[in-house]
Amino acid sequence: MQISLNGVLRSGADGAASVEIEAATIRELLTKLVERYPGMGEHMEQGIAVAINGVVYRDDWTVAIPPDAEVFLMPRIAGG
Amino acid sequence: MRYESPASTKEAVALLAKEKGDAYVLAGGTDLLVRMKTGFIEPDLVVDIKRIPDMTRIKKTAGGFKIGAAVSGAQLGASKDLCKAWPGVVEATNLIGSDQVQGRATMAGNLCNASPAADSVPAMIAAGAKATIVGKGKRRTIPVEKVVTGPGQTSLKRGEVIESINLPKRNKRTGDAYLRFTPRTEMDIAVVGVGISLTLERGVVKKARVALGAVAPTAIVVPAAARALVGTKLDNAALDKLAAACSKACNPIDDKRGTADYRIRVAGVLARRAAKIAYKRAGGAA
Amino acid sequence: MAHDNRYTGQKFQVVGNRFERPDGVDKVTGRARYGADANAPGQLVGLVLRSPHAHAEIKKIDTSKAEKLAGVKAVITSADLPDHTGGNRGMMDILENCMARGRALYDGHAVAAVAAVDAQTARKALKLIKVSYKKRPHVTDVDEAMKDTAPVIHDWVFTGGVDPKPSKPSNIANRTQMGHGDVDAGFADADVIVEHSYKTEQTHQGYIEPHACLASVNPDGSGELWVTTQGPFSYRTVCANLLGMDIAKLKVTSSEIGGGFGGKTHVWTEPLALALSRKANRPVKLVMTRDEVFRATGPTASTSIDVKLGASKFGVITAATLELRYQGGAFPGPWGMLGCMTGFACYNIENQRSVGYDVIVNRPKVAAYRAPSAPMAAYAVESAMDILAQRLGMDAVDLRLLNVAKEGTKAPYGPIYGPIGIEASLRAVKDHPHRKGKLKKNQGRGIACGFWFNIGGQTCVDLNIGTDGTVNLAVGTVDVGGARSSMGMIAAEELGISYHDVKVSVADTASLGHNDTTEGSRGTFSSGMATIFAARDAIDVLKTRAAKMLDVPVEDIVWEQGQARATGKGHGNLPSLTLKEIAAKSGSTGGPIAGHNEVVADGAGMGFACHIADVEVDPETGHSKILRYTVVQDAGKAIHPDYVEGQFQGAAAQGIGWALNEEYIYGADGTLQNPGFLDYRIPVCSDLPFIDTTILEIPNPNHPYGIRGVGETSIVPPLGAIGNAIADATGVRMHHAPMSPVRVLDALDAAAAQAQVSAG
Amino acid sequence: MSGAVMVSTKINGDVVEFACPTDEVLLDSLRDRAGLTGVKEGCGTGDCGACSITLDEQLVCSCLVLGVEADGRELGTVEGLSDGDQLHPLQKRFIEMAALQCGICTPGFLVAAKALLDKNANPSETEIRYALAGNLCRCTGYDKIVRAVQAAAKDLRKSKKR
C-alpha cells in the first residue's frame, strides 16, 4: 500500500513523498520503513504519528491497518 | 536596615538628619518597596511617616488645602471637598495603579519618586500646588515644579522630607483636568499625561496653566500652551494652537512604553481633550 | 479504535450538567496548596543567579566567597550537573537551558544557584558569586538572525531539511515544507492574488503563579519533588535523567497549578532545586520571581510570515503559500513546523505549500503556549482571507464557507479529516445576532477562524469503590481548568451514581502509572476515556459480586442505572442491588472493588473555532477598545459546559491581549526591557467586555462520549479577528501584532500620507 | 534572620505575633510566619493583586507593605472571609458560577471584591471591572468573575433587607 510522508519526514526517505510498503499493523509498517530507510530512525526518535483514514495514532503500535486505507506519517506534536 | 516610625515630623527629620547611610522616607511605599524588591536600593534606614498624625490628614486652611505627605489616594478620593475643588488633581492621583495601590500611594511619594511619567505631578503643577518641605530647623514651601530636577532626582536636600502638598483655594470659575494615555484602561504608566487648569471670566479664559508629563525628563510647564488659550472661548483655533504648543514643548525619548513621535503627537491630542473638560468644569459652555 | 461508537443520541444523566467543582471550597478559602505553599522540615531557600547579558562567554565563576558565608549550605554551577544525557541532543538542550554551560545564551540564563537558611542569606550569597563574562555579539530578531551577517549562535547547528546538507553552521535550525497540489498552476489559474507579510511579537503565557517547587534528595538516591507542573510524570523522567537518578526513586507530586498554558510542560529550575538539595542534603524550596519568569522560562515565538492567496473571481481559492519564520529562542524547536501544519487547516485548498524555518536567537528557550505556533500563522492567513473577500466583493463568512475544510478534506499536514466543526462554526457565526449589531463611526467588525490539534497519548486511572459506595477516582493528568469535575461526572455517569459520590484526585507519580502531560487539549479527552473504561472495568467486578450475592450466574446480571439486576428465567423475584449494597458486602464477596484502565488515548479529534470581534479605534491615539466579542467553537461533547465556556473565554482573552498589547520588548543590548506585569500588559478586567460563547457539539467518533479537547483553539482566531475589525473600523490593515496604539497610529498616519500623495 | 523585630497584629480578628526582619514584606510575613498561604505572590511589585489583603479595612497589596508596618494594625485575608462554616456569598458564587479555574488569583479577587461591595452595595458592571482592574486573572477572561460578583452583590443586598 502507499504510505504518504509529511514534508518533515521526507528527508529520512531520500526525499520521497510516498513509499510502497505492505503492512498489517503500525508496528510492521514502522519496522519495514526503518529497514528500508535507516534515515527514518532519527525521525522515529523524535516521535512519529500515523494517521490511518484521518485518525491520528501516536503510541499504539498494535493498531491494524485496513487494506486500501489512507496512511500518512507525520511528526508528533505537543501543545500548550 | 533600620525601620523607624516616628510620631512627629520633628522626630522624622531628626532621624533622617542623623543617619550616615542611605535613608529613605516611607510614605505609601508603592515605589520604595518595588525598588527594594528589585535590589535597586538597599536602605540603611527607612522612616515611615504614616504614624505622624499631621502627615495623614487633609486640612482645610484659609489658603486652600494642606494635604499631609502620607495621605493616600483613597483618602483623597474620599474627600468630597477636594474632589469638588480640584477634581483633576484627585483623578490624576487616583489613576496611579489599582485600588490596592490607591490604598497606599501618596501624591508626595509620587512626586519624590521623580518619575517623568508620574500622574499626579502635571495635575498638581497645573493646579498651582506647592510642597512644604521640612529639614533640620527649617521649613520651606516651593512650587511643585521645583521639586523634581531630573529622572529620580529631586531638589530635596539630605535630611529633608515633604510634610504636605498645598493646593490653593479654588476660584469659583476655575476648573482643572488631567488626562493620560495608556494602552490599558488601568494598571499602566502614562505614555503621555496632560494637566490643565483654567480660570474663566464670562466664558473667556482669563488664566491658564498647562503641564505635561512623560514627554521630558521631568514634568514640564508649558507657558506657550497656556497663552494659546488665554483670551479665547476655547474655539477650535485656540485648541489647535494649544495642541501645537504642547507638541512643540515635548522633548521625549523612545522607550518600551512609546515612541518619541507618538508622545509628541498624542500630547496635543490629550491637551485638547483635557482643556475641554477643564473649561466645562470652570463653568464654560461645553 | 476498538470501542463502540455509542456517542450518537446518547442520553446523559450527569454529563452536560453544571456541578460545583471538588476543589472549589479549598480555592475560595485559601486552603488550596500551590507550588510555593508546601514546606518541609529543615528546608532551605534556593535562589538562582542569572546572566545580565544577551550572549556571553563565561570565563570564570568564583563561588568561594558565597560558600563561606554563614548560613549558605550549597552553591552549584554547571559543574554540579554532569552530562548524563548520553548524547541525546534534546536532553542536552534542556540541561543547558536549566544552567549555562560555559556560555550565557540570553538575558536571564541561569549561571549559578545557592541554597541558604533564609532568603536574606541566599540573596547575600548571590551577590558574592563573581562571574567574569566576555560579551559576544547577539541577535534577538528572527529576520536578522537569518541573515548571513548575523552572529552564529551555535557552531553545532546546521540547517536541517535542506539538500544538500549545509557545510556551515547557521541560526536556521530547520527548514520544513508541507503541502500538496501544484501551486504554480494554481496561481496561474487565479483571477485575484493577495500577497502580504506579517510580523508577530513574542508573548508569554502569563500564568499568575510563578514556577515553584520543593525538592528533597536523599544521599540514598531517592527524592521527592513537590512542584507546580502540567506534567508530573514528564518532570519526573526529565529530572531523573538530568540528575542521573532512577525514575522510580523520584516521586513527583503536582501541586495545585496556578495556570500553565504550556509554560509548565517543561522543567526550568526544578533540576537546580534537586541538585541543590542533593548537595546540601536538605530540602530546598525554589520559587521564581516574576522577573525570572519572564526572562527565563518559555515564552512563545516571535515570527515573520509571508502569505499568498490566489482565487478565482467566484472566490474559490486556487493556490496558497506560506513562508513562516519562527524564532525558538536559544535552542532549536518545532515551531515553524507547527505553523506549517496549522496555517491553512481551516480551508480546503487544492494547491498549497507551507515552508517553515526554525531560527535560533538570543532569547529564552521557547515553550508551547496554548495552540503553539497556530495564532501567528492564522493572523497572516485570516488577514489575507479578509483582504481577498474585499477584493472579490464577497462577505467574509461566505468566502470562508466556500472554501471551508470538511470531512474528507486533505489537511495541510497530509491526512484527510474525519468529521470536523469548522463549517458548523462558520454557519453559526453567519447567523449570530452579533453579526447584525449596528456599528458607529470608528467602529469595526472582524471575524476569523482557528484550528488546533487535539492529542491523546498515554493515560492511566484508578477507580476505587469504598464500602459505603462512594468512589475515589485517581487520575494522572493535572487539573488545569476544572477537569476533576468533568472526570467525576464521567465516572458517575458510567456507574449510574450521584456526582457527589465521586471524589477525584490527581495522583502523584508513585501512585499511578505514567500519564502524559496535560497539554495539547488532551486532559479531558484522554483521562475521560480512561475513566469510562475504568468505570466499566469496575462494573464488571460489581456484576460478579452481585451474582455471588444473588446466587445466580454472572452472565445473568445486567448493570442498569447504578444497579445490578438479574435477568432470565426464575430470577424475576430477585431484588436489584444498588452499587452501595454491593459495596457494603464487598469484604465478604471477594474484597475491595476497583476498576483500572491504562490506555493510549488515540483518535483525538480536531478543534475548530470562529470568532467575531467588534472594535472601536480612537483615530487620534490609535487605541483599540474591544466592544463585543463572540466565540463559537466545537467541543465535540461539553462534559461541564461552564468549564468549556471558561476555556473559550480564557483563550480568547489571551488572544486579545496578544492582538492588542502583549509583547516582549528587547533593547539594543539584547536585554528584556519589560519583565513584569506593569509593562508586559496582559488584559485587565476593565479592558474586556463579557465574552459571549456558543458551544457546538460535533462528536468526535473516536471517543465514547464524542469529546474533543477544547483548551487551546480559541487563542488562535483573536489576532486575525481583531486585525480585521481594525481594518473595518479604519480602512487600514495592520501587519504587525500586537496592534498597539503606537503601531495603529503609525499605520493610520502612513495611510493618510499615502492618500495625500495619491490625491496630489 | 538578622535585624528582626517583634510585630503584634490582629489578623482576621485574632491576635498574632511574629518576629520578622525589617526589610521583609508583609506578604512574606503572612505566608511564612503567620502561615496564611492563601495570600499569594504573583509578582511582588503590586501589579497583579494576588496578595490583596485589607489593612485597617483598606484594600492593599501585601507585597507593597513591610511586615513591621503591621504592628498594631488589623489585617484581613481570604482566610477570614467565611463566617464559621458559612461561606461568604462571594465565595459561594465564585464556586457555583465557575468564576475560578486555576484559582491562584481567587483569594485576591475575593478580598478585592468584598472591599468593593463593602463600599458600594450595587456596583455597575463598569464599576466592578475598574474596581477589580488591580487583580489579574489569566484563565477566565474575567467574564464569570464579574458575573459572580454581580450575583453576590445581589445576594448581599437581599440578606441585608431581611
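This is a predicted model: local features need pLDDT of at least 70, side-chain atom pairs count only at pLDDT 80 or more; totals for chains, interfaces and linings use all residues.

**Cis bonds and loops**

I started with C:Pro164, which sits in the loop of chain C between helix H5 (142-146) and strand S7 (172-180). Residues are numbered from 1 along each chain as its sequence is written, chains are lettered from A and ligands numbered from 1 in the order written, and side-chain values use heavy atoms, with hydrogens and water left out.

The peptide bond between C:Asp163 and C:Pro164 is cis, and I read an omega of about -5 degrees. I found another cis bond from C:Ala737 to C:Pro738, with omega near 0 degrees. C:Pro738 belongs to the loop between strand S27 (736-737) and helix H20 (741-759) of chain C.

**Positive phi**

I looked up B:Ala114 next, and its phi is near 60 degrees, a positive value in a residue that is not glycine. I noted why these entries were worth a line: most residues other than glycine have a negative phi, and most peptide bonds are trans. B:Ala114 is in the loop between helix H7 (107-113) and helix H8 (120-127) of chain B. It counts as buried because its relative accessibility is 2%. My cut-offs were under 20% relative accessible area for buried, over 50% for exposed and partly exposed in between, with a 1.4 Å probe and protein chains only.

D:Ala98 is not a glycine either, and its phi is positive at about 55 degrees. I located D:Ala98 in the loop of chain D between helix H2 (89-96) and helix H3 (106-119). At 4% relative accessibility, D:Ala98 counts as buried.

Which residues does C:Tyr680 contact, leaving aside neighbours within four places in sequence? I counted a contact when heavy atoms lie within 4.5 Å. The list includes B:Arg184, C:His204, C:Phe294 and D:Arg138. C:Tyr680 is buried, with a relative accessible area of 0%, and lies in the loop between helix H18 (641-660) and strand S26 (691-696) of chain C. C:Asn661 is 19 residues from C:Tyr680 in sequence and 7.9 Å away in space, C-alpha to C-alpha.

C:Ala384 is part of helix H11 (residues 374-392) of chain C and is buried, at 1% relative accessible area. Not counting residues up to four places away in sequence, I found C:Ala384 touching C:Val194, C:Tyr198, C:Val307 and C:Leu309. C:Met487 is 103 residues from C:Ala384 in sequence, and their C-alpha atoms are 41 Å apart.

**Chains and an exposed lysine**

Four pairs of chains touch, and I found the most contacts between chains C and D. Chains A and B do not touch, as their nearest C-alpha atoms are 26 Å apart. Chains A and D have no contact, and their closest C-alpha atoms lie 13 Å apart.

Is D:Lys161 buried or exposed? It counts as exposed, at 78% relative accessibility. I placed D:Lys161 in helix H5 (residues 143-161) of chain D.

Key. Helices (H or I, at least four residues) and strands (E, at least two) are DSSP runs, numbered from the N terminus.
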